[in-house]
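Here are my notes on this one, written as numbered points. Have the structure open while you read.

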Amino acid sequence: MSTIALEHIYKRYPDGFEAVKDMNLEIGDGEFMILVGPSGCGKSTALRMVAGLEDISDGELKIGGEVVNQRAPKDRDIAMVFQNYALYPHMTVRDNMGFALKLAKVPDAEINSKVTEAARILDLEQHLDRKPANLSGGQRQRVAMGRAIVRNPKAFLMDEPLSNLDAKLRVQMRTEISRIQQQLGTTTIYVTHDQTEAMTLGDRIAVMRAGLLQQVGTPAELYGHPNNLFVAGFIGSPSMNFLPGELSGDTLRLPIGDVRIPERLRGRLGRGPGGGRGGVIAGIRPEHFEDAALVGDRSRGHTFRAKIDVLESMGSEYYAYFVVEAERVSSSELEELAADAGGADLPRAQGNQVVARLDAASRVRQGEEAELWFNAERLQLFDPEGGQSLLPADGNGAASGAAQPAGTGGAAAGTAADTGGTAADT
Amino acid sequence: MSVGTAGGTTSAPRVEPTQTAQTRGRARGGHEQTGRMVGWSGALVLVTVCSLVPVLWIVFLSLKTPASATDGSFIPHHWTLHNYRDIFNAGIFTQALRNSIGIALIATALAVILACAAAYAIARLDFPGKRLILAISLAVAMFPQISLVGPLYNLWRQIGLYDTWPGLIIPYMTFALPLSIYVLSSFFREIPWELEQAAQVDGATPYQAFTKIIAPLAMPGIVTTFIIVFIICWNDFVFAISLTSTTSAETVPAAIAQFPGVSQFTVPYGDIAAAAVVVTVPVMVLVLLFQRRIVAGLTAGAVKG
């Protein structure tokens with residue numbers, strides 16, 4: 001158990017490509033840190049540099065306060081779980097898990113007790129004498145975990161450990177990993193491209209894009225106060241809706257009507273880089289919409305009418321899709337997000353497609369016009385040029401989030417300003 | 001000699017298509033399937049006959065009496081083990097057998113060990129001139145061996161390697177290396193790199209990672225290479241006849257050529273045939289012993305898939 005610090009870390013390839021640029025990240029003792037981002041953003045490279053499997057081009061990597069740049073992986077005392085598990089196929093599960101201890105010349109009796117203990121935690125006891133080829137995907141994944149935990153290393157490094165499992169198993173193992181990490185209290189760096197995994201697992205999340213760290217914070221901070229368009233669009237599912245807007249005084253002119261900017265946002269907006277005037281990109285999360293009929297106090301938000309094109313019922317809620325006629329919001333960051341989600345090839349709808357999450361009690365019908373409402377206090381505003389947020393986090397919101405443990409993330413944002421009426425936002 | 005083993009190994013995989021054809025035929029019950037089965041069986045029989053007839057011929061020849069060796073009949077009229085007794089009683093053959101086993105084993109072991117190191121480097125490391133090294137090593141393999149016999153003969157005489165074990169081990173090893181490197185590097189390339197990285201993270205030195213993880217996984221490749229190289233060394237005639245002169249280093253192929261007949265004008269066919277049968281045995285034993293290990297698929301289950 002130990003702290004890990006990346007200081008001005010660079011990864012340059014011989015052809016000049018920089019996979020990781022000036023990365024600064026401090027991971028506390030026992031912290032669960034998630035590196036998340038679309039494929040090719042440098043997150044795996046960063047992890048492999050920590051493991052010692054890639055050379056560090058520039059900068060310092062400290063584990064437990066010591067600079068370890070030049071140390072071989074075996075001298076860093078870290079354990080790694082690989083995406084494809086990398087189990088030794090010629091060894092039994094027992095030998096796989098005990099291999100590291102055997103290399104460290106730990107007495108056989110101790111190896112045995114540690115392996116048995118790990119097998120108990122991971123529910124692998126009856127499989128100890130089988131070979132990896134005879135195990136299911138989930139079991140192999142657990143063996144890979146077991147190989148890491150028997151070592152009691154300074155840190156766990158996990159490179160998309162769940163991406164090869166099917167959806168149901170992935171959710172199970174997610175809770176399992178979270179439980180084991182809390183039980184052992186080992187510093188962990190976890191790489192994933194799945195924002196749900198990131199939100200549910202991490203104490204803190206570091207979002208990367210094109211080799212650059214975009215934002216580091218608790219799940220609540222990233223959700224409530226994204227630094228820029230990229231983070232805003234990446235975190236949250238379904239992802240945030242973006243609409244072009246125009247600021248003038250206290251009013252935000254959106255294609256769905258003029259919105260009076262609430263008091264709380266106005267203060268933050270004043271301190272922001274934009275100074276509170278001009279064109280902006282407005283972001284509204286699907287869960288901050290509601291069927292107007294179900295909202296008691298509409299004064300904190302804005303009510304408008306829209307024709308619902310598609311209505312998806314989830315049982316517990318509806319997803320309503322509608323199109324807002326306006327010039328398309330475009331930015332390189334959003335393009336990249338769309339490409340990562342595989343949506344780049346889809347035919348584009350005219351205007352901006354918006355998705356709203358509505359309460360299951362809603363009477364909205366597909367193909368009909370509906371009266372919708374959104375919570376203006378949860379608006380996000382971004383500079384259309386650089387994509388930076390125009391709403392810097394207000395003091396108590398971000399600072400208090402830093403100390404929060406994982407699990408309080410999800411939808412409940414820092415300074416919880418709940419929606420009016422029904423509890424669509426939980 | 002190698003004809004027999006080649007026949008053995010080619011006929012083994014031929015069996016499989018026949019079986020699948022049979023099951024398919026049963027499932028569908030069509031005439032087409034029966035036809036295909038007959039076709040495959042015919043091919044199988046043909047291959048087996050072609051590869052086994054010469055072997056049988058040599059075996060039968062070795063069981064004939066010296067007088068009837070050239071009588072023209074395929075099956076001996078009088079069965080005898082006289083030829084076998086003959087070659088084992090004459091010291092020349094047993095000594096040659098000892099030389100053959102020793103020289104072939106040592107040369108093969110050295111070649112495989114060196115080739116492992118070289119192939120591993122070629123498979124794993126990216127260094128300038130990697131392709132060149134592979135190309136040069138293959139070029140060495142293409143070099144006609146006979147052209148080297150003269151120079152080697154002179155050189156060996158000068159430095160005292162003529163008619164010694166090392167005098168044969170060195171050229172055998174050299175000529176076996178290119179093929180070994182080529183075969184082994186393709187096997188090493190098949191092993192997922194993550195396994196080695198996992199071993200490194202687990203605390204293994206590069207040497208430990210190789211001996212405990214990579215080498216056991218490449219074992220089918222190593223065994224295959226070992227057998228191929230062993231057969232090449234075992235069967236060599238050119239170097240053996242040119243670089244040796246006495247029983248101190250003469251291998252079996254060279255010794256057979258030196259078998260004395262009853263008179264200067266008779267060829268000891270029976271003895272030669274018996275010796276040929278005897279030297280085939282170790283190769284067959286090797287192949288049978290390691291047949292299971294040669295079967296690939298040991299890496300199954302390492303990574304998801």
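1. Let me start with strand β8 (residues 187-192) of chain A, which is mostly covered, six of its six residues being buried. Buried here means 20 or more other C-beta atoms within 10 Å of the residue's own, exposed means 12 or fewer, and partly exposed is in between, with C-beta atoms placed from the backbone. Helices (H or I, at least four residues) and strands (E, at least two) are DSSP runs, numbered from the N terminus.

2. A word on ground rules. This is a predicted model, where local features need pLDDT of at least 70 and side-chain atom pairs count only at pLDDT 80 or more, while totals for chains, interfaces and linings use all residues. Residues are numbered from 1 along each chain as its sequence is written, and chains are lettered from A and ligands numbered from 1 in the order in which they are written.

3. Back to β8(A). In a regular strand the side chains alternate between the two faces of the sheet. In β8(A), Thr187(A), Ile189(A) and Val191(A) point one way and Thr188(A), Tyr190(A) and Thr192(A) the other, and all are buried.

4. Which strands pair with β8(A) in the parallel sense? Strand β3 (residues 32-36) of chain A does, over five bridges, and so does strand β7 (residues 155-159) of chain A, also over five bridges. Two strands pair if DSSP finds at least two bridges between them.

5. Some loops of chain A deserve a look. Lys105(A), in the loop between α2 and α3 (108-122), has a phi near 60 degrees, a positive value in a residue other than glycine. Lys105(A) counts as exposed because it has 8 C-beta neighbours inside 10 Å. Ala210(A) also has a positive phi, about 50 degrees, without being a glycine. Ala210(A) sits in the loop between β9 (204-209) and β10 (212-217) and is partly exposed, with 18 other C-beta atoms within 10 Å.

6. Check the backbone at Pro238(A), too: a cis peptide bond joins Ser237(A) to Pro238(A), with omega about -10 degrees. Pro238(A) is in the loop between α8 (229-234) and β11 (241-248) of chain A.

7. Now chain B, which has 13 helices and zero strands. Of its 305 residues, 30% count as buried. Among contacts in chain B between residues at least 6 apart in sequence, 76% join residues at least 24 apart. A contact means C-beta atoms, placed from the backbone, within 7 Å.

8. How do helix α7 (residues 165-190) and helix α10 (residues 219-235) of chain B pack? Their axes are 10 Å apart, at an angle of about 155 degrees. Axes are lines fitted to C-alpha atoms, for helices over the stretch in contact, and angles run from 0 to 180 degrees between N-to-C directions. Angles over 145 degrees count as roughly antiparallel, so α7(B) and α10(B) are roughly antiparallel to each other. The contact includes Tyr172(B) and Phe187(B) of α7(B) and Ile228(B) and Cys233(B) of α10(B). By class, the contact has eleven nonpolar, four polar and no charged residues. Ala, Val, Leu, Ile, Met, Phe, Trp, Tyr, Cys and Pro count as nonpolar, Asp, Glu, Lys and Arg as charged, and the others, Gly among them, as polar.

9. Last, the interface: 24 residues of chain A are in contact with 22 residues of chain B. On the chain A side, β6 (78-81) and α2 (93-103) each supply at least two residues. That side has 18 nonpolar, four polar and two charged residues.

Note on methods
Two residues are in contact if their C-beta atoms, placed from the backbone, lie within 7 Å. Angles under 35 degrees count as roughly parallel, over 145 as roughly antiparallel, 65 to 115 as roughly perpendicular and the rest as oblique.
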